[in-house]
Amino acid sequence: MKKLKVTVFVLIILFSFLLPGKSFANVVSVLLSDNANAVQISGTDFVLTTGDSMCTPEFSGSFVLNYRAGEVYCGDVQYILPVTLTSNNPISINGLNYKGSITLEEKDGKLCLVNYVDVEDYLTGVLACEMSPKWPLEALKAQAVLARTYLQNQGQKHGKYTICNSEHCQVYKGIPKHCDTITKALAETQGTLLYYNNVPAQVFYFADSGGVTASSKDVWGREVIPYLISKPDPDVISQKFLTWKFRCNTALLREKLLSKGIDVGTILSITPTVVDESGRVKQLEVRGESGTRNIPVSLFRSIFGINKIKSTLFKIETQGSMDNDMQQASSPLKTQQETQQVVNVKKAIKRTNQKFNSKVDELTWLSEQGAYTTQELYAILGDFDNYDSYIKNGYEILKTGKKPPTKAPDTFVTNPKESEPVQSYTVNGAVVGEEFVITGYGYGHGVGMPQNQCKYLAQAGWTYDQILAYYFPGTVLTKGDAK
(Lines give C-alpha, C1' and ligand atoms only; values in the text may rest on other atoms or scores of the structure.)
Protein backbone atom coordinates (compact mmCIF):
# COMPACT_ATOMS: atom_id res chain seq x y z
CA MET A 1 0.00 0.00 0.00
CA LYS A 2 1.46 3.35 -0.95
CA LYS A 3 1.39 6.50 1.13
CA LEU A 4 0.76 9.97 -0.20
CA LYS A 5 4.11 11.76 -0.60
CA VAL A 6 4.00 15.31 -1.82
CA THR A 7 6.15 18.35 -1.22
CA VAL A 8 5.07 21.00 1.21
CA PHE A 9 4.73 24.15 -0.79
CA VAL A 10 2.14 26.17 1.06
CA LEU A 11 3.38 28.80 3.50
CA ILE A 12 2.64 27.73 7.05
CA ILE A 13 1.61 31.26 8.01
CA LEU A 14 -1.15 31.20 5.40
CA PHE A 15 -2.95 28.30 7.04
CA SER A 16 -1.83 28.26 10.66
CA PHE A 17 -4.82 30.29 11.85
CA LEU A 18 -7.15 27.59 10.54
CA LEU A 19 -5.38 24.63 12.09
CA PRO A 20 -6.60 23.02 15.34
CA GLY A 21 -4.83 24.07 18.49
CA LYS A 22 -4.58 27.69 17.46
CA SER A 23 -6.89 29.81 19.64
CA PHE A 24 -8.37 33.08 18.44
CA ALA A 25 -11.32 34.96 19.92
CA ASN A 26 -13.18 35.04 16.62
CA VAL A 27 -12.82 31.33 15.73
CA VAL A 28 -15.03 28.59 17.14
CA SER A 29 -14.51 24.82 16.89
CA VAL A 30 -17.76 23.01 16.10
CA LEU A 31 -17.92 19.24 16.55
CA LEU A 32 -19.84 17.95 13.53
CA SER A 33 -19.50 14.25 14.30
CA ASP A 34 -17.69 12.13 16.88
CA ASN A 35 -18.23 8.75 15.25
CA ALA A 36 -17.73 9.06 11.49
CA ASN A 37 -16.87 6.10 9.26
CA ALA A 38 -16.84 7.77 5.85
CA VAL A 39 -16.85 11.41 4.77
CA GLN A 40 -18.03 12.69 1.37
CA ILE A 41 -15.99 15.80 0.50
CA SER A 42 -16.24 18.18 -2.42
CA GLY A 43 -15.25 21.74 -3.25
CA THR A 44 -12.91 23.96 -5.21
CA ASP A 45 -9.41 25.26 -4.63
CA PHE A 46 -8.80 23.56 -1.34
CA VAL A 47 -5.65 22.16 0.21
CA LEU A 48 -5.35 18.96 2.22
CA THR A 49 -2.81 18.96 5.06
CA THR A 50 -1.89 15.72 6.89
CA GLY A 51 -0.66 14.99 10.37
CA ASP A 52 2.91 14.56 9.16
CA SER A 53 2.93 18.13 7.78
CA MET A 54 2.46 17.24 4.14
CA CYS A 55 0.21 19.38 1.93
CA THR A 56 -1.34 18.84 -1.45
CA PRO A 57 -1.39 21.49 -4.15
CA GLU A 58 -4.71 23.28 -4.53
CA PHE A 59 -7.27 21.03 -6.15
CA SER A 60 -11.00 20.78 -6.85
CA GLY A 61 -13.32 17.82 -7.02
CA SER A 62 -15.19 15.26 -4.99
CA PHE A 63 -13.90 12.24 -3.08
CA VAL A 64 -14.60 10.01 -0.07
CA LEU A 65 -12.34 9.53 2.94
CA ASN A 66 -12.89 6.23 4.75
CA TYR A 67 -11.91 5.56 8.35
CA ARG A 68 -10.59 2.13 9.32
CA ALA A 69 -8.69 1.06 12.40
CA GLY A 70 -7.36 4.50 13.24
CA GLU A 71 -6.39 5.44 9.70
CA VAL A 72 -7.99 7.42 6.86
CA TYR A 73 -7.94 6.26 3.24
CA CYS A 74 -8.96 7.54 -0.16
CA GLY A 75 -8.87 4.45 -2.33
CA ASP A 76 -5.51 2.85 -1.53
CA VAL A 77 -3.92 6.14 -0.43
CA GLN A 78 -3.40 6.48 3.30
CA TYR A 79 -3.47 9.85 5.08
CA ILE A 80 -1.88 10.47 8.46
CA LEU A 81 -4.31 11.97 10.97
CA PRO A 82 -5.20 14.68 11.68
CA VAL A 83 -6.25 15.70 8.16
CA THR A 84 -7.24 19.34 7.61
CA LEU A 85 -9.00 20.79 4.58
CA THR A 86 -8.75 24.54 3.95
CA SER A 87 -10.15 26.73 1.21
CA ASN A 88 -11.23 30.29 0.53
CA ASN A 89 -14.45 28.77 -0.81
CA PRO A 90 -17.07 26.70 1.03
CA ILE A 91 -16.18 23.06 1.60
CA SER A 92 -18.96 20.51 1.20
CA ILE A 93 -19.03 17.79 3.87
CA ASN A 94 -21.68 15.11 3.39
CA GLY A 95 -23.73 17.53 1.32
CA LEU A 96 -23.54 20.56 3.64
CA ASN A 97 -21.38 23.61 2.95
CA TYR A 98 -18.99 25.01 5.54
CA LYS A 99 -16.74 28.03 5.72
CA GLY A 100 -13.38 27.97 7.50
CA SER A 101 -11.54 24.66 7.73
CA ILE A 102 -12.53 21.04 8.31
CA THR A 103 -10.38 18.74 10.42
CA LEU A 104 -10.62 14.96 10.67
CA GLU A 105 -8.95 13.58 13.78
CA GLU A 106 -9.10 10.56 16.03
CA LYS A 107 -10.41 10.76 19.58
CA ASP A 108 -10.95 7.76 21.84
CA GLY A 109 -10.75 5.38 18.88
CA LYS A 110 -13.35 7.27 16.84
CA LEU A 111 -13.12 9.71 13.95
CA CYS A 112 -14.22 13.25 14.73
CA LEU A 113 -15.15 15.91 12.19
CA VAL A 114 -14.55 19.48 13.34
CA ASN A 115 -15.33 22.81 11.68
CA TYR A 116 -13.06 25.72 12.67
CA VAL A 117 -15.06 28.76 11.65
CA ASP A 118 -15.45 32.48 12.32
CA VAL A 119 -17.98 33.18 15.07
CA GLU A 120 -20.26 35.34 12.92
CA ASP A 121 -20.30 32.73 10.14
CA TYR A 122 -21.17 30.13 12.74
CA LEU A 123 -23.99 32.27 14.14
CA THR A 124 -25.35 32.79 10.63
CA GLY A 125 -25.73 29.03 10.35
CA VAL A 126 -27.31 28.73 13.79
CA LEU A 127 -29.93 31.41 13.10
CA ALA A 128 -30.91 29.73 9.84
CA CYS A 129 -31.50 26.44 11.71
CA GLU A 130 -33.03 27.73 14.94
CA MET A 131 -35.47 30.23 13.42
CA SER A 132 -37.12 30.79 10.08
CA PRO A 133 -35.48 33.64 8.14
CA LYS A 134 -39.04 34.76 7.37
CA TRP A 135 -39.72 35.55 11.01
CA PRO A 136 -39.71 39.20 12.21
CA LEU A 137 -36.34 40.91 12.48
CA GLU A 138 -36.75 41.57 16.22
CA ALA A 139 -37.26 37.84 16.86
CA LEU A 140 -34.11 37.02 14.88
CA LYS A 141 -32.18 39.64 16.83
CA ALA A 142 -33.27 38.11 20.14
CA GLN A 143 -32.18 34.70 18.87
CA ALA A 144 -28.85 36.11 17.69
CA VAL A 145 -28.06 37.50 21.15
CA LEU A 146 -28.98 34.21 22.84
CA ALA A 147 -26.98 32.10 20.37
CA ARG A 148 -23.93 34.34 20.88
CA THR A 149 -24.30 34.31 24.67
CA TYR A 150 -24.84 30.54 24.76
CA LEU A 151 -21.64 30.09 22.77
CA GLN A 152 -19.74 32.22 25.26
CA ASN A 153 -20.66 29.89 28.12
CA GLN A 154 -19.71 26.53 26.63
CA GLY A 155 -16.29 26.08 28.22
CA GLN A 156 -15.15 22.46 27.99
CA LYS A 157 -18.56 20.90 27.41
CA HIS A 158 -17.13 18.88 24.51
CA GLY A 159 -13.54 18.60 25.66
CA LYS A 160 -11.25 20.68 23.49
CA TYR A 161 -14.11 21.55 21.11
CA THR A 162 -16.21 24.62 21.79
CA ILE A 163 -19.63 23.31 20.86
CA CYS A 164 -21.47 20.59 18.91
CA ASN A 165 -23.85 20.99 15.97
CA SER A 166 -26.97 19.30 17.39
CA GLU A 167 -29.89 20.12 19.70
CA HIS A 168 -27.56 19.20 22.56
CA CYS A 169 -26.02 22.65 22.05
CA GLN A 170 -27.25 24.68 19.08
CA VAL A 171 -28.33 23.32 15.69
CA TYR A 172 -25.79 24.19 13.01
CA LYS A 173 -25.72 22.83 9.47
CA GLY A 174 -23.07 24.97 7.86
CA ILE A 175 -23.66 28.15 5.92
CA PRO A 176 -27.15 28.83 4.55
CA LYS A 177 -28.07 30.69 1.42
CA HIS A 178 -27.71 34.43 1.84
CA CYS A 179 -30.59 35.95 3.76
CA ASP A 180 -30.91 39.70 4.33
CA THR A 181 -32.87 39.36 7.58
CA ILE A 182 -30.32 37.05 9.19
CA THR A 183 -27.44 39.26 8.04
CA LYS A 184 -29.20 42.33 9.41
CA ALA A 185 -30.06 40.65 12.73
CA LEU A 186 -26.43 39.72 13.31
CA ALA A 187 -25.12 43.11 12.17
CA GLU A 188 -27.47 45.04 14.46
CA THR A 189 -26.55 42.89 17.48
CA GLN A 190 -22.87 42.33 16.67
CA GLY A 191 -20.88 41.60 19.81
CA THR A 192 -23.96 41.90 22.04
CA LEU A 193 -24.33 39.42 24.90
CA LEU A 194 -26.84 38.98 27.70
CA TYR A 195 -25.20 39.63 31.08
CA TYR A 196 -26.19 39.10 34.69
CA ASN A 197 -24.07 40.42 37.56
CA ASN A 198 -21.33 41.42 35.12
CA VAL A 199 -20.88 37.95 33.61
CA PRO A 200 -22.51 36.32 30.56
CA ALA A 201 -25.85 34.85 31.58
CA GLN A 202 -26.70 31.16 31.36
CA VAL A 203 -29.26 31.29 28.57
CA PHE A 204 -31.53 28.65 27.12
CA TYR A 205 -34.27 28.59 24.55
CA PHE A 206 -36.77 26.09 23.19
CA ALA A 207 -39.61 25.83 20.68
CA ASP A 208 -42.89 26.65 22.45
CA SER A 209 -43.98 27.57 25.98
CA GLY A 210 -47.42 25.98 26.12
CA GLY A 211 -48.49 29.19 27.88
CA VAL A 212 -45.93 29.26 30.68
CA THR A 213 -42.17 28.70 30.96
CA ALA A 214 -40.42 26.56 33.58
CA SER A 215 -37.68 27.30 36.07
CA SER A 216 -34.25 25.75 35.59
CA LYS A 217 -34.38 24.40 39.13
CA ASP A 218 -37.53 22.40 38.44
CA VAL A 219 -36.36 21.04 35.09
CA TRP A 220 -32.72 20.25 35.83
CA GLY A 221 -32.53 20.33 39.61
CA ARG A 222 -29.94 23.10 39.63
CA GLU A 223 -29.66 25.92 42.11
CA VAL A 224 -32.17 28.73 41.77
CA ILE A 225 -31.09 31.07 38.96
CA PRO A 226 -32.97 34.37 39.40
CA TYR A 227 -33.51 34.98 35.69
CA LEU A 228 -34.44 31.38 34.75
CA ILE A 229 -37.81 31.30 36.48
CA SER A 230 -41.32 30.21 35.57
CA LYS A 231 -43.24 32.94 33.75
CA PRO A 232 -46.58 32.99 31.94
CA ASP A 233 -46.60 34.37 28.43
CA PRO A 234 -47.38 38.10 28.23
CA ASP A 235 -51.09 38.91 27.98
CA VAL A 236 -50.76 40.08 24.38
CA ILE A 237 -50.00 36.48 23.25
CA SER A 238 -51.45 34.50 26.15
CA GLN A 239 -53.47 32.15 23.95
CA LYS A 240 -50.86 31.53 21.25
CA PHE A 241 -49.18 28.24 21.99
CA LEU A 242 -48.84 24.75 20.56
CA THR A 243 -51.21 21.97 21.59
CA TRP A 244 -50.67 18.32 20.70
CA LYS A 245 -52.01 14.84 21.38
CA PHE A 246 -50.36 11.46 21.72
CA ARG A 247 -52.36 8.23 21.75
CA CYS A 248 -51.03 4.97 23.10
CA ASN A 249 -52.42 1.67 24.38
CA THR A 250 -51.53 0.21 27.74
CA ALA A 251 -49.95 -2.88 26.18
CA LEU A 252 -47.37 -0.72 24.38
CA LEU A 253 -46.65 1.26 27.53
CA ARG A 254 -46.09 -1.99 29.44
CA GLU A 255 -43.72 -3.19 26.69
CA LYS A 256 -41.78 0.09 26.84
CA LEU A 257 -41.49 -0.11 30.62
CA LEU A 258 -40.38 -3.74 30.47
CA SER A 259 -37.51 -2.66 28.21
CA LYS A 260 -36.37 -0.49 31.12
CA GLY A 261 -36.70 -3.29 33.65
CA ILE A 262 -40.04 -2.07 35.06
CA ASP A 263 -42.83 -4.65 35.34
CA VAL A 264 -46.14 -3.85 37.02
CA GLY A 265 -48.25 -6.31 35.06
CA THR A 266 -51.34 -5.22 33.15
CA ILE A 267 -51.54 -1.47 33.59
CA LEU A 268 -54.57 -0.19 35.50
CA SER A 269 -53.84 3.51 35.98
CA ILE A 270 -51.38 6.26 35.12
CA THR A 271 -51.34 9.16 37.56
CA PRO A 272 -49.24 12.35 37.49
CA THR A 273 -48.29 12.63 41.18
CA VAL A 274 -45.90 15.60 41.19
CA VAL A 275 -46.02 18.82 39.18
CA ASP A 276 -43.71 21.82 39.30
CA GLU A 277 -44.60 25.48 39.72
CA SER A 278 -45.41 25.86 36.01
CA GLY A 279 -47.78 22.87 35.99
CA ARG A 280 -45.33 20.56 34.24
CA VAL A 281 -45.43 16.92 35.31
CA LYS A 282 -42.35 15.70 37.18
CA GLN A 283 -43.41 12.21 38.29
CA LEU A 284 -45.93 9.58 37.24
CA GLU A 285 -47.38 6.68 39.19
CA VAL A 286 -47.99 3.62 37.04
CA ARG A 287 -50.23 1.10 38.80
CA GLY A 288 -50.59 -2.43 37.49
CA GLU A 289 -52.04 -5.77 38.55
CA SER A 290 -48.73 -6.86 40.04
CA GLY A 291 -47.39 -3.64 41.49
CA THR A 292 -47.01 0.12 41.42
CA ARG A 293 -44.00 2.17 40.35
CA ASN A 294 -43.26 5.87 40.45
CA ILE A 295 -41.25 6.92 37.41
CA PRO A 296 -39.71 10.30 36.53
CA VAL A 297 -41.39 12.02 33.62
CA SER A 298 -38.02 12.19 31.85
CA LEU A 299 -38.06 8.37 31.58
CA PHE A 300 -41.66 8.36 30.38
CA ARG A 301 -40.81 10.96 27.76
CA SER A 302 -37.66 9.19 26.62
CA ILE A 303 -39.27 5.78 26.04
CA PHE A 304 -41.73 7.28 23.56
CA GLY A 305 -39.45 9.99 22.19
CA ILE A 306 -39.39 13.75 22.70
CA ASN A 307 -40.95 14.28 19.28
CA LYS A 308 -44.08 12.47 20.47
CA ILE A 309 -44.20 13.62 24.09
CA LYS A 310 -43.24 17.14 23.09
CA SER A 311 -43.18 18.59 26.59
CA THR A 312 -44.00 17.67 30.18
CA LEU A 313 -46.92 20.11 30.29
CA PHE A 314 -49.70 17.58 29.73
CA LYS A 315 -52.67 15.67 31.10
CA ILE A 316 -53.62 12.02 30.61
CA GLU A 317 -57.12 10.75 29.82
CA THR A 318 -58.68 7.45 28.83
CA GLN A 319 -60.11 7.49 25.33
CA GLY A 320 -63.91 7.57 25.57
CA SER A 321 -63.99 7.58 29.39
CA MET A 322 -64.94 11.21 29.89
CA ASP A 323 -68.52 12.04 30.82
CA ASN A 324 -70.75 14.07 28.53
CA ASP A 325 -70.02 17.40 30.21
CA MET A 326 -66.29 16.89 29.81
CA GLN A 327 -66.61 15.87 26.21
CA GLN A 328 -68.71 18.94 25.47
CA ALA A 329 -66.24 21.27 27.16
CA SER A 330 -63.29 19.66 25.35
CA SER A 331 -64.85 19.76 21.89
CA PRO A 332 -63.50 21.94 19.07
CA LEU A 333 -64.36 25.63 18.85
CA LYS A 334 -68.11 26.20 18.91
CA THR A 335 -70.25 28.91 17.36
CA GLN A 336 -71.27 31.85 19.53
CA GLN A 337 -74.80 30.46 19.86
CA GLU A 338 -73.56 27.04 20.95
CA THR A 339 -71.16 28.63 23.43
CA GLN A 340 -74.00 30.64 24.99
CA GLN A 341 -76.00 27.43 25.45
CA VAL A 342 -73.06 25.84 27.26
CA VAL A 343 -72.77 28.88 29.54
CA ASN A 344 -76.46 28.64 30.39
CA VAL A 345 -76.04 24.98 31.31
CA LYS A 346 -73.07 25.86 33.53
CA LYS A 347 -75.14 28.41 35.45
CA ALA A 348 -77.45 25.58 36.52
CA ILE A 349 -74.62 23.40 37.86
CA LYS A 350 -74.68 22.92 41.62
CA ARG A 351 -71.50 22.26 43.50
CA THR A 352 -73.17 19.80 45.88
CA ASN A 353 -73.89 17.41 42.99
CA GLN A 354 -70.21 16.99 42.13
CA LYS A 355 -67.88 14.51 43.82
CA PHE A 356 -64.11 14.71 43.43
CA ASN A 357 -61.18 12.68 44.72
CA SER A 358 -59.05 15.78 45.31
CA LYS A 359 -59.02 19.55 45.01
CA VAL A 360 -56.89 19.20 41.89
CA ASP A 361 -59.59 17.09 40.24
CA GLU A 362 -62.15 19.74 41.18
CA LEU A 363 -60.01 22.54 39.73
CA THR A 364 -59.45 20.52 36.57
CA TRP A 365 -63.20 19.96 36.24
CA LEU A 366 -63.87 23.68 36.75
CA SER A 367 -61.39 24.44 33.97
CA GLU A 368 -63.05 21.94 31.66
CA GLN A 369 -66.39 23.64 32.38
CA GLY A 370 -64.92 26.98 31.29
CA ALA A 371 -64.21 28.69 34.61
CA TYR A 372 -60.48 28.85 33.87
CA THR A 373 -58.40 28.70 30.72
CA THR A 374 -55.79 25.98 30.31
CA GLN A 375 -53.03 28.52 30.94
CA GLU A 376 -54.75 29.73 34.12
CA LEU A 377 -55.22 26.15 35.32
CA TYR A 378 -51.50 25.38 35.03
CA ALA A 379 -50.67 28.53 36.99
CA ILE A 380 -53.27 27.61 39.63
CA LEU A 381 -51.93 24.06 40.04
CA GLY A 382 -48.64 25.54 41.21
CA ASP A 383 -50.32 27.73 43.84
CA PHE A 384 -51.17 25.01 46.36
CA ASP A 385 -52.02 27.27 49.30
CA ASN A 386 -54.87 29.01 47.47
CA TYR A 387 -56.79 26.03 46.06
CA ASP A 388 -59.88 26.78 48.18
CA SER A 389 -60.05 30.34 46.92
CA TYR A 390 -59.68 29.25 43.28
CA ILE A 391 -62.44 26.64 43.72
CA LYS A 392 -64.78 29.18 45.29
CA ASN A 393 -64.11 31.72 42.54
CA GLY A 394 -64.55 29.04 39.88
CA TYR A 395 -68.08 28.20 40.99
CA GLU A 396 -68.91 31.89 41.17
CA ILE A 397 -67.78 32.27 37.57
CA LEU A 398 -69.94 29.34 36.47
CA LYS A 399 -72.91 30.69 38.41
CA THR A 400 -72.80 34.26 37.10
CA GLY A 401 -71.20 33.71 33.73
CA LYS A 402 -68.94 36.66 34.53
CA LYS A 403 -65.22 36.46 34.95
CA PRO A 404 -63.42 39.15 36.94
CA PRO A 405 -60.44 40.73 35.15
CA THR A 406 -57.28 38.93 36.12
CA LYS A 407 -53.62 39.41 35.43
CA ALA A 408 -51.32 36.47 34.83
CA PRO A 409 -49.29 35.86 38.00
CA ASP A 410 -45.75 37.18 38.04
CA THR A 411 -44.49 34.62 40.53
CA PHE A 412 -45.38 31.08 41.53
CA VAL A 413 -44.83 28.90 44.57
CA THR A 414 -41.22 27.74 44.35
CA ASN A 415 -41.53 24.58 46.43
CA PRO A 416 -44.42 22.35 45.29
CA LYS A 417 -45.83 20.03 47.93
CA GLU A 418 -44.72 16.81 46.32
CA SER A 419 -46.65 14.66 48.81
CA GLU A 420 -50.00 16.12 47.77
CA PRO A 421 -51.82 14.18 45.03
CA VAL A 422 -51.95 15.92 41.70
CA GLN A 423 -54.39 15.49 38.81
CA SER A 424 -55.14 11.80 38.37
CA TYR A 425 -56.59 10.48 35.13
CA THR A 426 -57.23 6.80 35.74
CA VAL A 427 -57.32 4.05 33.15
CA ASN A 428 -60.16 2.28 34.94
CA GLY A 429 -60.31 -1.47 34.47
CA ALA A 430 -57.83 -1.30 31.62
CA VAL A 431 -57.44 -4.29 29.38
CA VAL A 432 -54.70 -5.02 26.88
CA GLY A 433 -55.16 -2.73 23.93
CA GLU A 434 -57.09 -0.01 25.78
CA GLU A 435 -55.98 3.43 24.69
CA PHE A 436 -55.09 6.48 26.71
CA VAL A 437 -54.61 9.98 25.34
CA ILE A 438 -52.08 12.58 26.39
CA THR A 439 -53.08 16.16 25.68
CA GLY A 440 -50.03 18.39 25.81
CA TYR A 441 -49.04 22.00 25.52
CA GLY A 442 -45.80 23.48 24.19
CA TYR A 443 -42.63 21.88 22.85
CA GLY A 444 -39.28 21.54 24.57
CA HIS A 445 -37.77 21.71 28.05
CA GLY A 446 -39.50 24.98 28.92
CA VAL A 447 -36.55 26.96 30.31
CA GLY A 448 -35.68 30.43 29.03
CA MET A 449 -37.08 31.92 25.82
CA PRO A 450 -39.75 30.11 23.80
CA GLN A 451 -39.02 30.75 20.14
CA ASN A 452 -42.62 30.67 18.91
CA GLN A 453 -43.68 33.17 21.55
CA CYS A 454 -40.68 35.32 20.64
CA LYS A 455 -42.05 35.45 17.10
CA TYR A 456 -45.55 36.35 18.27
CA LEU A 457 -44.23 39.13 20.51
CA ALA A 458 -42.17 40.56 17.67
CA GLN A 459 -45.27 40.50 15.49
CA ALA A 460 -47.10 42.37 18.25
CA GLY A 461 -44.49 45.13 18.16
CA TRP A 462 -42.09 44.09 20.92
CA THR A 463 -38.39 44.83 20.34
CA TYR A 464 -35.73 42.20 20.89
CA ASP A 465 -34.48 43.84 24.09
CA GLN A 466 -38.03 43.87 25.51
CA ILE A 467 -38.44 40.17 24.68
CA LEU A 468 -35.16 39.24 26.35
CA ALA A 469 -35.90 41.42 29.38
CA TYR A 470 -39.22 39.61 29.88
CA TYR A 471 -37.96 36.04 29.63
CA PHE A 472 -34.63 36.74 31.40
CA PRO A 473 -35.60 39.28 34.09
CA GLY A 474 -32.71 41.19 35.63
CA THR A 475 -30.30 40.62 32.76
CA VAL A 476 -28.79 43.41 30.66
CA LEU A 477 -27.50 43.67 27.10
CA THR A 478 -23.76 44.32 26.96
CA LYS A 479 -21.22 44.56 24.19
CA GLY A 480 -18.63 41.81 24.54
CA ASP A 481 -16.48 39.32 22.63
CA ALA A 482 -17.69 35.79 22.04
CA LYS A 483 -15.20 32.97 21.70
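Residues are numbered from 1 along each chain as its sequence is written, and side-chain values use heavy atoms, with hydrogens and water left out. Because the model is predicted, local features need pLDDT of at least 70 and side-chain atom pairs count only at pLDDT 80 or more, while totals for chains, interfaces and linings use all residues.

We can start with helix H3, residues 137-152; helices (H or I, at least four residues) and strands (E, at least two) are DSSP runs, numbered from the N terminus. Its 16 residues should span 22 Å at 1.5 Å a residue, and the end C-alpha atoms, 23 Å apart, agree with this; the expected span is 1.5 Å times one less than the number of residues. Since 14 of the 16 residues of H3 are buried, the helix is largely enclosed by the rest of the structure. Buried means under 20% relative accessible area, exposed over 50%, and partly exposed in between (1.4 Å probe, protein chains only).

Next comes the largest nonpolar core, with 75 residues. Such a core is a set of buried Ala, Val, Leu, Ile, Met, Phe, Trp, Tyr and Cys residues joined through side-chain atoms within 4.5 Å. Ile 41, Leu 104, Tyr 122, Met 449, Leu 468 and Phe 472 touch the most other members. H3 gives the most to this core, nine residues. A second, separate core of 24 residues includes Trp 244 and Phe 436.

Finally, strand E6 (residues 83-87) has five of its five residues buried, so it too is largely enclosed by the rest of the structure.
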